[in-house]
Amino acid sequence: MTTEVEIELEAAVERRRNFAIISHPDAGKTTLTEKLLLYGGAIHEAGAVKARRAQRKATSDWMEMEQQRGISITSTVLQFEYRNCQINLLDTPGHQDFSEDTYRTLAAADNAVMLIDAAKGLEAQTRKLFEVCRMRNLPIFTFINKLDRPGREPLELLDEIERELGLQTYAVNWPIGMGDRFKGVFDREKRQIHLFERTAHGSREAKDTIVELGDPRLEKLLDRDLYYQLKEDLEVLEEVGPALDVEKVHSGKMTPLFFGSAMTNFGVELFLNSFLDCALKPGSHNSTIGEIPPTYPDFSGFVFKLQANMDPKHRDRVAFVRVCTGKFEKDMTVNHARSGKTVRLSRPQKLFAQERESIEEAYPGDVIGLNNPGVFAIGDTIYIGQKLEYEGIPCFSPELFAYLKNPNPSKFKQFRKGVSELREEGAVQIMYSADESKRDPILAAVGQLQFEVVQFRLLNEYGVETHLDLLPYTVARWVASGWEALEKVGRLFNTVTVKDSWGRPVLLFKNEWNLQQVQADHPELQLNSSAPVV
Ligand code: GDP
């Protein structure tokens, strides 16, 4: 029998879509986010997100470090409505604030949008983020941006994605012209052409004129050569390209692909509509009691990100929780699986850009920010009812390594406590040299910012001044086959062996090339780029 709660949950899940954008800096993530919000009616004029950011910079001093560097450390969740759906955009920190949090955010996402600059194609950060999506078989929607500028041939871009990522592509729309001659896109499903007009800085929704493919006006509306180019491209696509297979999209094997220009709003609305039709709704999650559907009546969720010192007035910490099942209600008392304690969830927050807004309830697929009095760590499960725990969020391959030194012996205790707490919280990974004589902890991070946060917090929260000795390694691999297998191999050149916080062997390589060499010489070593948290 379906209960009232289940009906309510089903309706909530039905209208929710959640995604994160993966891209390389400068591909246009901020711009696209803004345009999506514009179409979603969450803001009324594009530019508002940036303006708000600038305003906040001027008026808020919530974190000294943020001010010093003029960057945003906070990743936020943007919520907006479109076509009666509630869309949750999980903002992944990028640029200089790239850190393990960027990867972890993908653990909370149901879909990913891969944003690519048409002139540049696949870039380093996008590839890394794509690998994390692949680990989870996330559906990936590709938006090829900046068609209003000269870029690479569309067919060449498709080919690059297929070849290098091993991802089948299905172009949902196709660009007509490029750069100054970008006229619009062809919607392959409806077989219509959307001709766009540029609006001033793309601050309003783009006006688009829809013309059927067979319309006799077309040859005039499009330049003749563009019209023939379109026909030729379409023939190639129909001949060699696979048909759209939604199942493959949902299992992350095929990506629907869109062309457009976020800045001028070309193609953004078409993209949003197709995304809503095809994206995965909040789904089931693996747990210690099996796979649990989102309509499971009791509330549960997991922590995927922690944030310290967001507001100097409160000096508080926020734990971001992805709601997996049931309905979340303010002031709820939940069980904390790791400690076995109960926690009352007061002051839940929803975050829009930097503004906090108190929330009363949340459903599967939503993200809530909880006040964290030091209880929560990355990957923790909270639940009511029958005890359950979700699969933890793995450690991701760090790329920067440094010995962390405490020059003041009288601060040893605080130093040790600080390092241990920051590690538990997931601010940084801690490793140790396999050589027992070297006892300083090694900070292992995905981004430079993590080092700075650790040093800043050790000083401000634990009163310990530290310094870093950078190590010349850039790639880490967990040796899944264990210590014994590693010993059998003997000495490896240009690498160093360290152990992670759980005593597992990790090899650090100077570069990818060294890694490839070791892999080629010792195929029996199973090397992994991520490892479970135990
Ligand atoms: P992010 O680093 O990925 O967040 O990128 P931004 O959204 O800040 O964009 C980087 C730069 O590219 C900015 O100067 C944008 O104005 C520009 N940009 C973004 N989208 C487009 C586009 O569709 N066309 C053109 N010509 N420029 C764009």
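Two strands count as paired here if DSSP finds at least two bridges between them. The model is predicted, and the tour starts with a pair that meets this cut-off.

**Stop 1: two helices.** Select helix H2, residues 29-39, together with helix H11, residues 268-278. Their axes come within 10 Å and cross at roughly 75°. Angles of 65 to 115 degrees count as roughly perpendicular, so that is how H2 and H11 stand to each other. Show the side chains of Lys35, Leu36 and Tyr39 in H2, which meet Val268, Glu269 and Leu272 in H11. By class, the residues of this contact are four nonpolar, two charged and no polar.

**Stop 2: an open sheet.** Follow eight strands in the order E28-E25-E27-E26-E30-E31-E29-E32; the pairing is antiparallel. Colour E28 (467-470) and E32 (527-528): these are the edge strands, each with a single partner, so one side of each has no neighbour in the sheet.

Zoom in on E32 and its partner E29, residues 475-479, which run antiparallel and are joined by two bridges.

Stop 3: H13 lies across E25 (400-405), E27 (442-445) and E28, and runs at about 135° to E27.

Conventions: Residues numbered from 1 in each chain as written. Predicted model: local features only at pLDDT ≥ 70, side-chain atom pairs only at ≥ 80, totals over all residues. Axes fitted to C-alpha atoms, helices over the stretch in contact; angles between N-to-C directions. Helix = DSSP H or I, 4+ residues; strand = E, 2+ residues; numbered from the N terminus. Parallel < 35°, antiparallel > 145°, perpendicular 65-115°, else oblique. Contact = placed C-beta atoms within 7 Å. Nonpolar A, V, L, I, M, F, W, Y, C, P; charged D, E, K, R; others polar.
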